[in-house]
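Please keep the sequence and the three-dimensional view at hand while reading.

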Amino acid sequence: MSPRWAPSKGTGGKGAGVEGGEGAGSGDGDRLVTARPLPGRRRLLARHPLARFLLRRTATAILLALGVTLVTFVLTNLVPGDPAAANLGQRAIGDPAIVAQFRHHYGLDKPLPVQYVTYLGNLLHGDLGESQQSHQSVLTDLSTAVPATLELAGAAIVVSLIVGVAFGVVAALHRDRLTDQLLRVISLLGVSVPTFWLALLAFYIFFYRLGWAPGSGRLDPGMTAPPHVTGLYTVDAALAGQWPVFWSAVGHLALPALVLTAYTVGLLTRFTRSAVLEVLNQDYVRAARAKGLPARTVLFQYVLRAALVPVITVAGLAFGALLSGTVLVESIFAWPGLGAYAYRSATTLDLPAVMGVGLVVGLVYLTVNLAVDVLYGVIDPRVRVQ
Amino acid sequence: MTDGDTVDVLRISGLTLDLGGARILGGVDLALQPGRIHGLAGESGSGKTMTGLATLGLLPPGARTGGRIELEGTDLLTLTPRQLAVLRGRSVSMVFQDPSTSLHPMLSIGHQLTDHLRHHLKLNRKAAKERAVDLLTQVRIPNPREALGRYPHQFSGGMRQRIAIAIALACEPKVLIADEPTTALDVTVQAGVLRLLRGLCDDLGLAVLLVTHDLGVMSAIADEVSVMRHGLVVETGPRGRVLTEPQHEYTRQLLDALPGRSTV
C-alpha cells in the first residue's frame with residue numbers, strides 16, 4: 001500500500017526537490033539558480049524566529065499525522081479476527097450471502113491498499129466510516145466521547161499541574177527536611193497506587209459510604225445535557241447559564257478527575273522536585289542571589305523558568321495518556337468517554353470505530369507534542385534562536 | 001593596608017568558616033581600598049572563593065562563620081538576611097568565573113541587566129533601560145541598544161563576561177568581588193577583560209577583590225596581593241614587593257611554578 005501512497009507525498013516539496021536536483025546534474029548553473037533564492041528566504045524567515053520555528057514544527061506534525069493514519073490502518077487490519085463473525089449473529093454467519101453482503105457494505109471485500117486510499121479520501125471529507133455496533137457514523141460517536149474525555153483529562157491535568165508543581169517546588173526548597181520527606185512519600189504513593197483500585201475505593205467511600213459524590217455518569221439522572229457548544233458539560237452549562245446543570249456536571253466530574261490526578265500529581269511532583277534542585281545548583285541562580293534580588297523573584301523568574309522545561313515534557317506526555325482514554329476509570333465511573341468507546345469497539349472488532357479511536361489518540365499526542373514544542377520555543381530562546 | 005589618605009571600604013578581620021565540621025577559613029584578614037585592586041592568590045581549595053562568597057553572605061547552607069567583615073564600619077556577618085539582601089548587588093557585587101553559566105540562558109540581557117536596577121534603585125522601566133544602555137557602552141558591547149533584546153548564547157565568552165561585569169556594576173557598588181573572572185576565557189580576550197576591570201576600578205573608584213590562582217593575571221593589574229593557603233593569608237603586601245621579594249616560602253613556590261619564571 002505504500003507505493004500507492006508514496007507518490008502523492010512525492011508531489012510535495014521534498015520529492016520535487018530531489019528530482020530537480022538530479023535533473024540539474026547536467027549543468028551546475030541550474031543548481032545555482034535554484035539555490036540562490038533559498039538563503040534570501042531563509043534570512044527573511046529568520047527575522048521571526050518563533051514563526052519559523054512554528055512553521056517547521058507544524059509541517060512535521062502534518063507529515064506525522066499521515067503516518068498515524070497509515071499505522072492505525074495497518075495495525076487494525078493486522079488484528080486476527082473476522083469483523084463479520086464478531087458483528088453478525090450466530091445464524092447469519094452461516095449464510096454466505098449475508099456475510100458477503102456485510103463485507104461488501106463495509107468495503108471489506110476490496111484489497112487493503114484500496115481500502116486505505118478510500119479511507120484516506122473519506123477522511124478528507126471528515127468521514128470516519130460507520131460504526132458496526134452503533135450504526136452511527138464514527139464521527140458522531142467520537143464527537144460525544146472525545147469532549148467527555150477532554151473534560152475529564154483537562155480537569156485532571158490542570159489540578160495536577162497546580163498541585164504537582166507546587167509540591168515539587170516546596171519539596172525542593174525543603175530538601176531532606178520533614179516536608180520534603182512527606183511530599184516524597186505522597187508522590188511515591190500517587191505513582192504506585194493502581195488507578196483502578198483507587199477509583200473503586202474512592203467510589204465506595206465517597207459515593208456508597210459517605211454519599212458525598214454523585215453516582216456515575218456525567219450528570220444527575222433526569223437532567224438533560226446543556227446545549228452543545230464545546231461538548232464540555234461544565235463549560236456549556238455555564239455558557240447557557242444553567243447553573244443546576246453546571247453544579248451537577250462539576251459534582252460528577254470531581255471524583256473521577258481526582259482519582260486520575262493521583263498519578264499525575266505524583267509524577268509531576270517528582271519531576272518538578274528534581275528539576276528545581278538541579279536548577280538551584282546552577283551558577284546563574286547564585287548570581288541572581290548575588291544581585292540582591294528578593295527570593296521570590298529568584299524563584300519565579302530564574303529557577304522556575306529553567307525548571308519548567310523538563311516538567312512541561314512530562315506534563316505533555318501525562319496529558320496525552322489521560323486524553324487517550326483511561327479505560328478503567330471511565331468504565332468504573334460509567335463516563336461515556338474515549339476509553340469506554342475504545343474498549344467497546346475493540347471487543348466487538350468494530351474496525352471503523354477502532355481506527356477512529358486510533359486516529360484521535362495519534363492526533364492527540366501530535367497536538368500535545370506540538371504544543372509542548374511551541375512552549376519550549378516560548379520559554380527557551382535557545383530553541384527558537386539558532 | 002591603610003596607608004595614610006585611603007580608607008578601607010571593606011575590612012575582613014579574623015574571618016573563620018566551618019563547613020560540615022571542617023575548618024575552611026582559619027582567620028582571614030584582608031582590606032580593600034577604593035580605586036585599588038586587591039589580588040587574592042592561592043591554590044584550589046585554599047579558601048579564596050569562600051572568602052568572596054562570605055562577603056556576599058552566599059555561603060552554602062550549614063556554614064558557620066566567625067570574625068568580622070566590615071563594609072564601611074557595618075559588620076556584614078551580624079546582618080539579617082533581609083538587611084544583607086539590600087546591600088548585596090548594590091554595595092557589594094560579584095562577577096563569577098564562567099559567564100556561560102552565570103548568566104541565565106533563557107532571560108534576555110536587558111532583563112538580567114535591569115531587574116536588580118529596578119529593585120534596588122526603584123528605577124522605572126525606561127530609566128532602567130537607559131542605564132542599561134550606558135552600562136553596556138561602558139563595558140564596550142557594540143550596539144548596546146540592540147544587545148538588550150538578545151540572549152547570552154548569542155554573545156562570545158569575552159562579551160558575556162563584559163555583560164556580567166556590567167550587571168555587577170549596575171547599582172554602582174563600592175566593592176566588586178571578581179572570582180576568577182578570566183579563567184574561563186580564551187587567553188586572547190583575557191587581557192581585554194582585565195584592562196576593562198582596571199579601567200572601571202580607576203574611573204569609578206571601585207574597590208576590587210580579584211580572586212585568581214593565576215599570578216600572571218595578578219601581576220598585570222593588582223595593586224596589592226595576598227596569598228592564601230589552607231584557609232590562611234600567608235603573605236600580603238604591594239604587588240611589586242610580593243611578586244619580586246616574596247617573604248613566604250609558599251609564595252616563592254607559587255612564583256616558581258609560573259612558566260618562564262623558574263629561574264627567579
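Ser137(A) is partly exposed, with a relative accessible area of 29%; this class lies between buried (under 20% relative accessible area) and exposed (over 50%), as judged with a 1.4 Å probe on protein chains only. The model is predicted, so local features need pLDDT of at least 70 and side-chain atom pairs count only at pLDDT 80 or more, while totals for chains, interfaces and linings use all residues. Residues are numbered from 1 along each chain as its sequence is written, chains are lettered from A and ligands numbered from 1 in the order in which they are written, and side-chain values use heavy atoms, with hydrogens and water left out.

**The surroundings of Ser137(A)**

- Ser137(A) belongs to the loop between α9 (112–124) and α10 of chain A; helices (H or I, at least four residues) and strands (E, at least two) are DSSP runs, numbered from the N terminus.
- Apart from its neighbours within four places in sequence, Ser137(A) is in contact with Gly129(A) and Glu130(A), where contact means heavy atoms within 4.5 Å.
- Asp127(A) is 10 residues away from Ser137(A) along the chain, and their C-alpha atoms are separated by 7.7 Å.

- His252(A) is placed in helix α14 (residues 243–280) of chain A.
- His252(A) counts as buried, at 3% relative accessibility.
- A polar atom of the His252(A) side chain lies 3.4 Å from the backbone oxygen of Leu219(A).
- Leaving aside neighbours within four places in sequence, the residues in contact with His252(A) include Pro214(A), Arg218(A), Leu219(A), Asp220(A) and Trp335(A).

- In helix α18 (residues 338–347) of chain A, the buried residues are Leu338(A), Gly339(A), Tyr341(A) and Ser345(A).
- These residues lie on the same side of α18(A) because they cover an arc of only 160° around the axis, the arc being that of the directions from the helix axis to the C-beta atoms.
- An α-helix has 3.6 residues a turn, so residues three or four places apart point the same way.
- Tyr343(A) and Thr347(A), on the other side of α18(A), are exposed.
- The cover over the buried residues of α18(A) includes α10 (138–173), α16, α17 (327–332) and α19 (351–379) of chain A.
- Leu349(A), which follows α18(A), has a positive phi, near 55°.

- Asp95(A) caps the N-terminal end of helix α8 (residues 96–105) of chain A, with a side-chain oxygen 3.0 Å from the backbone nitrogen of Ala97(A).
- Gly107(A) follows α8(A) and has a positive phi, near 70°.

**Chain B**

- The secondary structure of chain B consists of 11 helices and 10 strands.
- Of the 264 residues in chain B, 53% are buried.
- Among contacts in chain B between residues at least 6 apart in sequence, 66% join residues at least 24 apart.
- Glu72(B), in the loop between β4 (63–71) and β5 (74–75) of chain B, has a positive phi of about 50° although it is not a glycine.
- Glu180(B), in the loop between β7 (175–179) and α8 (187–204) of chain B, has a positive phi of about 50° although it is not a glycine.
- Glu180(B) is buried, with a relative accessible area of 7%.

**Where chain A meets chain B**

- The contact involves 21 residues from chain A and 27 residues from chain B.
- About 2100 Å² is buried between chain A and chain B, and carbon and sulfur atoms give 65% of this area; buried area is the accessible area (1.4 Å probe) that two parts lose on being put together, summed over both.
- Arg286(A), Ala290(A) and Lys291(A) supply 27% of the area that chain A buries against chain B, more than any other three residues.
- One salt bridge is counted between chain A and chain B; the term denotes a side-chain nitrogen of Lys or Arg within 4 Å of a carboxyl oxygen of Asp or Glu.
- Lys291(A) forms a salt bridge with Asp115(B), and the closest N and O atoms are 2.9 Å apart.
- α15 (283–290), α16 (295–323) and α20 (381–384) of chain A each supply at least two residues of the side of chain A that touches chain B.
- With six residues, α15(A) gives the most to that side of chain A.

Definitions and conventions
A polar contact is a pair of N or O atoms within 3.5 Å; within protein, one must be able to donate a hydrogen and the other to accept it, and residues adjacent in sequence count only if both atoms are side-chain atoms.
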